[in-house]
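Dear colleague,

Please find below the structure I promised to pass on, followed by a short account of what was found in it.

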Amino acid sequence: MNERPLRIVIAKAGLDGHDRGAKVIARALRDAGMEVIYTGLFQTPEQIVQTVIQEDADGIGLSILSGAHMTLFPLVVEQLKAQDAGDIVFFGGGTIPPEDAQRLRDLGVRAIFTPGAPLGEIVDFVQTECGKRRALVG
Amino acid sequence: MKRGMDVDDFAPRLSFFFNSHIDFFEEIAKYRAARRIYARHMREKYGARDPRSWQLRFHTQTAGCSATAQQPENNIVRVAYEALAAVLGGTQSLHTNSMDEVLALPTEKSVEIALRTQQVLAYETNVTSVVDPLGGSYYVEALTAEMERQAESYFAQIAEYGGVIEAIEAGFFQREIAEASYRYQRSIERKDRVVVGVNAFTGEEEAAEIELLRITEETERAQAQAVQDVRRRRDSARAGASLERLQAACRDPNDNLMPHLIDCVNAYCTEGEIVEAMAAVYGRYTETAVV
């Protein structure tokens, strides 16, 4: 396990200024030894996926609290596929009702964490899933 | 003031926006300290003579981060205490959050409960009939003095950066807020701080069982259609001319934008068009991403 640390992009998309959760997650992942790139607010799906590719990220976490999750998550999925990066672990969080979370998982979002999710659970998920991908992709 | 206006000509119209968190007396002390600091600085630093310039008028919203997804009905109680703290601290107006905002955009029902919470406070409890009811309490006075001292040390730090804008550009505020948010979250997870329904007094069933508002794609389509309809019906020559005048005003540092903005709105320009017209001159703010 002396390999380079996992690299995770934490992103905020669209007209949504609620960044408290995204920043708390970013810090928790960093405290767990990962390298975290936070995009800042108001990013387009294209910009986010560009960052993911440029940073050679293992995973991407998208935070949406504006209600636009059913528009923006699918666009990021599409962009990742278009960039041949569909294997990058895509997870998300925000104010997302359970039915929508299921629909997003069906589209290929690996996990949706909603308010109240413990930090440990999120960190474990990212470590396990991105670790598995590393083992496959190298 | 740089433009040569007298402070007393506009200071009585300034107002501020505060948040009310769950630590009851700390919040009350925060507002009292803010009012003291404001009055002192307006008098001594800015030379205001009109007593109305010394008065800190403020709006208060209850704290989104204190609301919990678990047992969401408990948020009604949290909001009520936070609103009471704001009133006892002297707020002029309130925004009480709805109990379900942590889960989705609020339903009509939960918005109504939030409004009724204010109305109970305003019309039943009689707390609005007295100014600064906790003035003189040894605890609240001591807490206010401490809050004032710590706030002043923050102001000194900000001054070292060269002012608020410089401190924002350096990521000072962003870092302070991010650190406090992380500290808060860690304290809940370590159980240093009790949050009912989250790390204490949890029930068997944790899933929210309240009805949530659903925003459908139809909502978006209907709104987009409504905007298109407005665009079709308006006098487009007038709208275009108003936007051009707004843009010209943006280029003139001595012009006041407000009359031009009002003119654009009267001409049925959309928010998007108005913002785009301004962004073409000013550009757009990109935040320095600080975690």
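This is a predicted model: local features need pLDDT of at least 70, side-chain atom pairs count only at pLDDT 80 or more; totals for chains, interfaces and linings use all residues.

Residues are numbered from 1 along each chain as its sequence is written, with chains lettered from A and ligands numbered from 1 in the order in which they are written.

Helices (H or I, at least four residues) and strands (E, at least two) are DSSP runs, numbered from the N terminus. A residue is called buried if 20 or more other C-beta atoms, placed from the backbone, lie within 10 Å of its own. Because six of the six residues of E4(A) (residues 89-94) are buried, this strand is largely enclosed by the rest of the structure. A:Val89, A:Phe91 and A:Gly93 point one way from E4(A), and A:Phe90, A:Gly92 and A:Gly94 the other.

Strands pair if DSSP finds at least two bridges between them. E3(A) (residues 59-64) runs parallel to E4(A), joined by six bridges, with A:Ile64 opposite A:Gly94. E5(A) (residues 111-113) also pairs with E4(A) in the parallel sense, over three bridges; there, A:Ala111 is the bridge partner of A:Phe91.

Between the chains, 18 residues of chain A are in contact (C-beta atoms, placed from the backbone, within 7 Å) with 20 residues of chain B. Helix H1(A) (20-31) supplies the largest share of the chain A side, five residues.

Yours sincerely

Conventions: A residue is buried if 20 or more other C-beta atoms lie within 10 Å of its own, exposed if 12 or fewer, and partly exposed in between; C-beta atoms are placed from the backbone. Two residues are in contact if their C-beta atoms, placed from the backbone, lie within 7 Å.
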